[in-house]
Amino acid sequence: MAGLLCILVKSLLRVLVAGSATLLGVAANAQGNVSGYPNRPITFIVPFGPGSTTDTVSRIVAQHLGTALNQTIVVENKPGANGAIAAAYVARAAPDGYTVFMSTNSPHSAAPSLNKSVPYDPVKDFAAISRIGSFTLMLVLNPEVPAKSIPELIAYAKANPGQLSFASGNTSGVVAGETFKAWAGINLVHVPYRSAPPAVNDVLGGRVSMMFTDLTSGLPQVKANKLRALAVTRMQRSTLVPDLPTLHEAGVTGFDMDSWMGMFVPANTPPEIVTLLNAETRKIIDNPEIKAQIGTLGFEAFSSTPGELGEFVKVQLVKWTKMIRDAGIEPE
């Protein structure tokens, strides 16, 4: 009898140990070990240069996501061609979750219309992970330009045709500038740059008259009275610069530009990796402390499901295509 009892106890112990191992395996898988992923460093591809808002926000997300996944995340900048260089690189990358695209409206919404051709499909070649948030752009001038409001700027530009110029460091700056030109009926010389920081530097130096820039690059210079801000591009005022009117309020009726940022991976990336990256990214973006940290950059952070971002991309592609066509911008 004692021998039988001993055998039963040993059998029960084996079952309990096996069950515990299974539960531990499930828990480990839920925390990030999806088929061993990630077992090597992940690369974030950024379509703009160091110091840009996209770069800064990407590095914050990379730091926290790397901690969550217990893996190194390397941030690699690939600026140029309105973000198309970076987008093409990611579209051709292996769909294994180790190449992540921190994209914006530039390569996903605007480049297909601003460039004569792009070597990728902004919808079909990527799997959406999550929205990261939205930028607020503002129109800033070199203080030597004698205008302190949108009506004054328009009047001065009309009185001095071809004497003013605007810089752009991304497609938002291009489309905003050209849309403003077309609406106001003024002649502004466009000076393009590969990223916002060098463009801001040339406006500061007086080599270019003005630009539409994000708050990250422009607000410190405005607060230091080195640049003069006239208006923001969204329909609602920014909580970071509540005294600054919108372009719509200033007389440019209906002007509304939402510049956005989202996370993507190459199409055909395994769905379990997409799910994992979405879950961990949303925890980061929705964390109040991290949201506040990113907010100090002039960036409104919020997340989404992969499906929500996928549908948003389709809508924005149509919207930006129309804005570019209405502004009379010819592809280059």
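This is a predicted model: local features need pLDDT of at least 70, side-chain atom pairs count only at pLDDT 80 or more; totals for chains, interfaces and linings use all residues.
Asn225 sits in the loop between helix H8 (215-223) and S9. Phi of Asn225 is near 60 degrees, a positive value in a residue other than glycine. Most residues other than glycine have a negative phi, and most peptide bonds are trans. Asn225 counts as exposed, because its relative accessibility is 66% and the cut-off for exposed is over 50%.

Asn70 can be read next. Phi of Asn70 is near 55 degrees, again a positive value in a residue other than glycine. Asn70 belongs to the loop between H2 and strand S2 (73-77). Its relative accessibility is 69%, so Asn70 counts as exposed.

Now look at a peptide bond. The bond from Tyr37 to Pro38 is cis, with omega near -10 degrees. Find Pro38 in the loop between helix H1 (2-30) and strand S1 (42-46).

Next comes helix H2. Ser58 lies in this helix, which covers residues 53-69. Is Ser58 buried or exposed? Ser58 counts as buried, because its relative accessibility is 0%. Which residues does Ser58 touch, leaving aside its neighbours within four places in sequence? The contacts of Ser58 are Phe44, Val46, Met102 and Met261.

Rolling a probe the size of a water molecule over the atoms shows where empty space is left. The count comes to one cavity of 30 Å³ or more. The largest cavity has a volume of about 130 Å³. Its lining has 16 residues. Phe48, Thr54, Phe135, Asn170 and Asp214 lie nearest the centre of this cavity. H2 and helix H4 (105-114) each supply at least two residues of the lining. By class, the lining of the largest cavity divides into four nonpolar, 11 polar and one charged.

Pockets come next. The largest pocket holds about 400 Å³ of space. It is lined by 22 residues. Nearest the centre of the largest pocket are Asn82, Val174, His190, Pro192 and Glu332. Helix H6 (171-184) and strand S7 (188-192) are the elements that give two or more residues to this lining. Which element gives the most? H6 does, with three residues. The lining of the largest pocket has eight nonpolar, 10 polar and four charged residues.

The second largest pocket holds about 200 Å³ of space. Of the 13 residues that line the second largest pocket, Thr136, Arg234, Arg237, Ser238 and Glu300 are the closest to its centre. This lining has four nonpolar, six polar and three charged residues.

Some of these names return in the salt bridges. Side chains of opposite charge can pair when their charged atoms come close. How many salt bridges does the structure hold? The structure holds 10.

Start with Glu300 and Arg234. Their side chains meet in a salt bridge, at 3.3 Å from N to O. Glu300 lies in strand S11 (residues 299-301), and Arg234 lies in the loop between strand S9 (228-232) and strand S10 (259-266), so the pair ties together parts that are 66 residues apart in sequence. Glu300 counts as partly exposed, because its relative accessibility is 42%. Both Glu300 and Arg234 are among the residues closest to the centre of the second largest pocket.

Arg237 is another residue from that group. The side chains of Arg237 and Glu249 meet in a salt bridge, at 2.9 Å from N to O. Glu249 and Arg237 are each in the loop between S9 and S10, 12 residues apart. Arg237 has a relative accessible area of 41%, so Arg237 is partly exposed. Glu249 has a relative accessible area of 47%, so Glu249 is partly exposed as well.

Asp326 forms a salt bridge with Lys322, and the closest N and O atoms are 2.6 Å apart. Where do the two residues lie? Both Asp326 and Lys322 lie in helix H11 (residues 306-326). They are four residues apart, about one turn of the helix. Lys322 is partly exposed, because its relative accessible area is 45%.

Technical notes: Residues are numbered from 1 along each chain as its sequence is written. Side-chain values use heavy atoms; hydrogens and water are left out. Buried means under 20% relative accessible area, exposed over 50%, partly exposed in between (1.4 Å probe, protein chains only). Contact means heavy atoms within 4.5 Å. On a 1 Å grid over the protein atoms alone, a cavity is a set of points where a 1.4 Å probe fits but cannot get out, and a pocket is an open set with protein on both sides within 12 Å along at least five of seven lines; lining residues have an atom within 4 Å of a point. Grid points are joined across faces, edges and corners, and a volume is the space filled by probe spheres set on the points. Ala, Val, Leu, Ile, Met, Phe, Trp, Tyr, Cys and Pro count as nonpolar, Asp, Glu, Lys and Arg as charged, and the others, Gly among them, as polar. A salt bridge is a side-chain nitrogen of Lys or Arg within 4 Å of a carboxyl oxygen of Asp or Glu.
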